[in-house]
Amino acid sequence: MVRPGVSDVLDELFARRADEGVSFAFVARRGGGRVAERYGRRPANALQPEAEDITASTALLSWSMAKSITHAAVGLLVRDGLLDPSAPAPVPEWEGTDKESITLLQLLEMRSGLRFVEDYVDGEASHCIEMLFGGVDPSFAHYAAALPLDHEPGAVFNYSSGTTNIVSRIIGDVVSGGTGGDPERRRGAVSDFLTTRLFGPTGMSSAVAKFDEAGDFVGSSYVYATADDFARFGELYLHDGVTGAGRGERILPEGWRDHARTRTAHDPDSGLDYGRHFWLWPAFPGSFACHGYEGQFTVAFPDRDLVITHLGATDIAHSRGLQMRLARLAELL
């Protein structure tokens, strides 16, 4: 039974004016089951000329929520003893350069020191747009790794999709048995790894990762899944890497949840803190969140044993209002 007040807030959320944004799906999970859900309608757009009714089975794009999934993939390999976050990141382009001391941990904290402009509107000034859509390099990781070092590694926080794609390629190197090689072989190895080691055990049956032309997972941006499956991913972290709402098997290292939510920076634009490929909501101590462009959110609240997921299209100008509504839902649920 939905608690009093929840339906009213969901009504407001899904009835927003078009200029404030549109909500495609909302799911809340507690104790391994859904405690609230709502689905909307995706309007027609340039890529999809017909409007679409969203259902519980509709797979939607993560955008940067994929960064948190990349953190989980790193955790799997750390537990296997195949990656050490404190060691210099194994990036071939950096050997013998001023970048060779950059650690995997600094990449996860977005403190590599590498230049990267994370802009989603101005294609003239955005490394993000050029990397993902410009067709300038088939390897998104190579594109990002080649950018200049502007700051001493570890000194400055700079949110960067390029940084995550460097991490994704490192994952691909470990899983596929080496650097470079046939893109199809790399893509198959990483796809199998994510499916058998992460998506399958977590119950994310709809999840599909996308790859660049070099065969590497675009861990910055591209995972498709249902709202419920994104919430299941949140539950994995809610229970510190144990599947099945804490009743299944451990797949991530013990303490990997705290690794993700260790505060490493503050973002004055959003008023939020940053951990390691997860955001933190200061108003909810202990919480941690996956964020994606245009209002994709999966937020875990350990003290409430609650995970909420919202998917939709909300302009950044209205992002704060959307987050306030989601915070209100968390308080009510």
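Predicted model: local features only at pLDDT ≥ 70, side-chain atom pairs only at ≥ 80, totals over all residues.
Three strands form an open sheet, in the order 5-7-6, and their pairing is antiparallel. Strand 5, residues 60-61, and strand 6, residues 208-209, stand at the edges with a single partner strand each, so one side of each has no neighbour in the sheet. If you zoom in on strand 5 and strand 7, residues 223-225, you'll find 2 bridges joining them.

Now for the helices. Helix 6 covers residues 161-176 and helix 7 covers residues 183-202; they pack at an angle of about 90°, with axes 9 Å apart. The two are therefore roughly perpendicular to each other. On the helix 6 side, the contact includes Arg169, Ile171 and Asp173, and on the helix 7 side it includes Arg185, Val190 and Phe193. Sorted by class, this contact has 5 nonpolar, 2 polar and 4 charged residues.

Last stop, the inside. How many cavities of 30 Å³ or more does the structure hold? The count is 1, and the largest cavity has a volume of about 40 Å³. Among the residues lining it are Ser64, Lys67, Tyr159, Trp279 and His291. Helix 2, residues 66-79, and strand 11, residues 288-292, each supply at least two lining residues, and strand 11 gives the most, with 3. By class, the lining has 6 nonpolar, 4 polar and 1 charged residues.

Note on methods:
Residues numbered from 1 in each chain as written. Heavy atoms only, no water. Pairing = 2+ DSSP bridges. Helix = DSSP H or I, 4+ residues; strand = E, 2+ residues; numbered from the N terminus. Axes fitted to C-alpha atoms, helices over the stretch in contact; angles between N-to-C directions. Parallel < 35°, antiparallel > 145°, perpendicular 65-115°, else oblique. Contact = heavy atoms within 4.5 Å. Nonpolar A, V, L, I, M, F, W, Y, C, P; charged D, E, K, R; others polar. 1 Å grid on protein atoms, 1.4 Å probe; cavity = no way out; pocket = protein on both sides within 12 Å on 5 of 7 lines; lining within 4 Å. Points joined across faces, edges and corners; volume = space filled by probe spheres on them.
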